[in-house]
Amino acid sequence: MSPRTKVQFEEIRQKSRENIENIALELFAIKGYHATSISQISEKAGISKGLLYNYYKSKEHLLDSVIMKVYDEI
């Protein structure tokens, strides 16, 4: 098996970000922003908290990304 290309690696990263953002949006909508923890998001996404922080600096940064995603869809 050959190593992944940069394009493949970026596609995987983008899919992971989309998955995290979708899960965060769902949990924020159900529980509210303040009642949702990074641990809950990472657990539901099937990743470690450390990996989530590799994608987003903070919960606030994740919220900003979710808001921009919804805004772009509108």
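Which residue lies over the face of Y33, and at what distance from the ring centre? The residue is K59, at 4.4 Å from the ring centre of Y33; a charge counts as sitting over a ring if NZ of Lys or CZ of Arg is within 6 Å of the ring centre and within 35 degrees of the ring normal.

The model is a predicted one, in which local features need pLDDT of at least 70 and side-chain atom pairs count only at pLDDT 80 or more, while totals for chains, interfaces and linings use all residues. Residues are numbered from 1 along each chain as its sequence is written, and side-chain values use heavy atoms, with hydrogens and water left out.

**Overall form**

The chain has 4 helices and 0 strands, where helices (H or I, at least four residues) and strands (E, at least two) are DSSP runs numbered from the N terminus. Along the principal axes, the C-alpha atoms fill a box of roughly 45 × 30 × 20 Å. Of the 74 residues, 27% count as buried; buried means under 20% relative accessible area, exposed over 50%, and partly exposed in between (1.4 Å probe, protein chains only).

**The nonpolar core**

A nonpolar core is a set of buried Ala, Val, Leu, Ile, Met, Phe, Trp, Tyr and Cys residues joined through side-chain atoms within 4.5 Å. The largest such core has 14 residues, and those with the most contacts inside it include I20, A24 and I41. Each of the helices α1 (6-31), α2 (38-45), α3 (49-55) and α4 (59-73) supplies at least two residues of this core. The largest share, 5 residues, comes from α1. Leaving aside residues up to four places away in sequence, A24 touches I41, L62 and V66, a contact being heavy atoms within 4.5 Å. In soluble globular proteins, nonpolar side chains tend to be buried together.

**Two side-chain pairs**

A search of the whole structure finds 1 aromatic pair. The pair is formed by F28 and Y33 and is edge-to-face; rings of Phe, Tyr and Trp (its six-membered ring) pair if their centres lie within 6.5 Å, with planes under 30 degrees apart counted as stacked, over 60 as edge-to-face and the rest as tilted. Both F28 and Y33 are buried.

E26 lies in helix α1 and K44 in helix α2, so the pair ties together parts that are 18 residues apart in sequence.

| Residue | Relative accessible area | Class |
|---|---|---|
| E26 | 36% | partly exposed |
| K44 | 46% | partly exposed |
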